Structures are given as structure tokens and as C-alpha cells.
Amino acid sequence: MQISHLPLRKFVAPEFIIGEHALSKCADYVAVFGAKKALLVTDPGLVQAGWVSKVEQHLKEQHIHFERFDAVSPNPRDTEVKDGALLYRRMGCDMIIAIGGGSPIDCAKGIGIVVSNGGSILDYEGVDKIERPIPPLLCIPTTAGTGADISQFAIILDNARKVKIAIISKGIVPDISLIDPLCTATMDPELTAATGMDALTHAFEAYVSNASSPVTDMHALQAIEYLSEYLPGAYQHPLDISYRSGVMLGSLFAGLAFSNESLGIVHAMAHALGGLLDLPHGLCNALILEHSVAYNFSSCPERYRTIAEKILKKSLASESDETVRNLLQSYLETLRRKLNLGNKIEIAAVDEQTLVQLARVALRDPCVVTNPRTPKEEEIQALYAKIL
Ligand SMILES: [Fe+2]
């Protein structure tokens, strides 16, 4: 391998414990932080699945006090961050435990920002806007996809404007993440598919990002290998922990990659779409990803060739760019069908004005900056038209 130059890059990651029964370490880590009372941030589905009571049991056994905030929506709202922060202050909490997928974890990050820095969570949109450190944050991911448990990203819905804001800062990298594949076994097939495709999208976008580096490339490509190998099995055999572990590893590697060199147009478009229509993030990504490959391919054909070789497990050196692009698109289309994700968002016809609005919001998203090709408004509209 020949290195012509080494661009300046940083790599941020939290401490994490990965493996079966990692969840059982939660009380030990609360004790490590010396916390008097923890705020548990989660959602009603996780309460019903039994994971919240498991965590609470571990805390009770070590006489650790806690309060539960379980009112987080699938796309966490600024209003929920505000309510969680009020509860944190009122109950005298000094640590946050997030249990769930990306939504409770992002909401927990938001609560941490507000209790330490004041104001509204919407004041912190953008890159490096957080001045004071947030309280200790322990994450227990229960989906395998978002990477929120190890990333420096939080996505919050501005409920009044129906726009998702992105907060990117080293200040919201969790202190510790307990990554337990057993926690993902209660995900239904639909959620397994959507979150798994979110992870695959992270890996694709990270690898072709114009801010990529050898350190993040390694994680992105490893993620692509794990996810292409294990995601279909996790969907078909939800209780088989070997598939769940493979997808969890893939999600972790993808998270480490994208947290450090950001994403691209798929996420920019998914944020705008999910914000306006309150749609699942993973589903939006899954539908846009293959179209982004067609759109971006000519900007970095060698990068996409490497991705295709990882997935198909063979050399494509003798194939033309066009063949590689077709192979990759056809792989993604087949995977999408296997995971029963459809090919369009099932909503009433979208008018021209909505397409314009979506494209404008997407172009303002920070993820656009690292896309390998700079998109025009009409190009983003045309991409939206393929899935709406
Ligand atoms: Fe994502």
C-alpha cells in the first residue's frame, strides 16, 4: 500500500464494553462515576420489552437511586429534551443513563447539554457549540444501527418547524457504552431491518466521505463486511445471537467511522424527510442509499469498487466502472427486498412544493458537506422523487 500524503484527522471514541451481558455492568459504572442519582432516559417500547426493569434491578441491588424518564418518541423532540431536563433538575440527578435506540440516546445527550449549558436544545445546532461538559452519560444500546451510543452526533426534531437539527460535538461522546447483543434480540423484524440499513448507510457514507482517513476507512470497511454477512440472518433468525452479535459489531464499526468523518446526502435527505413526515430514520436511509450510489459513483469509483469487492468477496479489477456500479446497486436492491423494506415511502402523493422544501432543508444539513459530490437543489429533488 502506498501513501501519497496523510491528511490531518482526529478520531474520538468513548470507552465501551461489548459482549453478551454487558448490560449487567451498569450499576458498577454508575458507582465508578460516584453518582448519587441517575436519570434513566428511555421509551415506552423498551419498558415493555423488559430492558428498563433489568437495568433498574441492577441499580436497586447496589442501592443506587434513579428516576425514570420514558416519554421519548421515535424522532426525539426538543420538547421532550426540555421535559427530561426539568425532571433531571427537579429530582437532583447527577448522571444520565440512556437505554434504547438512537432516539432515547440522542434525547439523553440533549438533556445533558441543556442541564449543563442552559437555554433550549435548539440553541446548540451545528458543530462544536457546546461549551460546558455534560453530566456523565452511560449508554445501553438496544438496537444495532444508530451508533448514537459511541458517536459525537445527536439529532433532535424541532417540533414547531418539523425540521431535524444536527448537533455535532466531542462534548456529547458518551462516557461509557455497554454494548450487549442480547438487548437487540427483542427488536421486531421491521426495526431490525431499518436499523441495520442505517448502520450499512453509515459505513457506505463514511467510506466515500471526503473527510475519510485510513483510520476511519478500516472501520467502515469492516462494518460493511459484518453487516453484509449478518444482517439478512438477524432479520430471518431474530433469536440467534450469533447474527445479532455480527450486526452489533457492524453497527459499532460503522459508528466509529461516521462519528469521525461524518456522512453524506443520504443522511441529509433522511433527516429532512424524517423531520417533515415523522418517518423512521433507518427506512429513509434504506430507500435512498442505492440512489446515492448511482449519483455519487463517478466522484469516487475506486472507493465504491472497494466496497463492492468487500460485499461480493471477489476481485472486480477486470470489471468496468459501469458494471461495478450496477453490481452494487443490484446488491442493495436485493438486500432491501430481502428485508421487506419496499422501494417507496408509502404516503399520499407529494406535490412539487414539498419536494422543493425537502431539498432546501437537506442542502442545509451538515452531512452534505462531506458528500463526495456537491449536489444541486434540483438533483436532490430528483433523488427524492425516486422514493416518494
Ligand atoms: Fe443514521
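Tutor: This is a predicted model. Start with the residues where two helices meet. From α6 come Gly196, Ala199, His202, Ala203, Glu205 and Ala206. Facing them in α8 are Val247, Gly250, Ser251, Ala254, Gly255, Ala257, Phe258 and Glu261. By class, this contact between α6 and α8 holds seven nonpolar, five polar and two charged residues.

Now the geometry. Helix α6 covers residues 189-208, and helix α8 covers residues 241-261. Their axes lie 8 Å apart, and the packing angle is about 40 degrees. Angles under 35 degrees would count as roughly parallel, and 65 to 115 as roughly perpendicular. The pair α6 and α8 is therefore oblique. The crossing of α6 past α8 is left-handed.

Next, the domains. The domain assignment gives domain 1 as 15-184 and domain 2 as 187-387. Their C-alpha centres are 25 Å apart. Domain 1 gives 28 residues to the contact between them, and domain 2 gives 30.

Look at the side of domain 1 that touches domain 2. The largest share comes from β8, with four residues. By class, this side of domain 1 has 14 nonpolar, eleven polar and three charged residues.

Definitions and conventions: Residues are numbered from 1 along each chain as its sequence is written. This is a predicted model: local features need pLDDT of at least 70, side-chain atom pairs count only at pLDDT 80 or more; totals for chains, interfaces and linings use all residues. Domain bounds come from an automatic or database domain assignment. Two residues are in contact if their C-beta atoms, placed from the backbone, lie within 7 Å. Ala, Val, Leu, Ile, Met, Phe, Trp, Tyr, Cys and Pro count as nonpolar, Asp, Glu, Lys and Arg as charged, and the others, Gly among them, as polar. Axes are lines fitted to C-alpha atoms, for helices over the stretch in contact, and angles run from 0 to 180 degrees between N-to-C directions. Angles under 35 degrees count as roughly parallel, over 145 as roughly antiparallel, 65 to 115 as roughly perpendicular and the rest as oblique. A crossing is left-handed if the near helix is turned anticlockwise from the far one by less than a right angle, and right-handed if clockwise.
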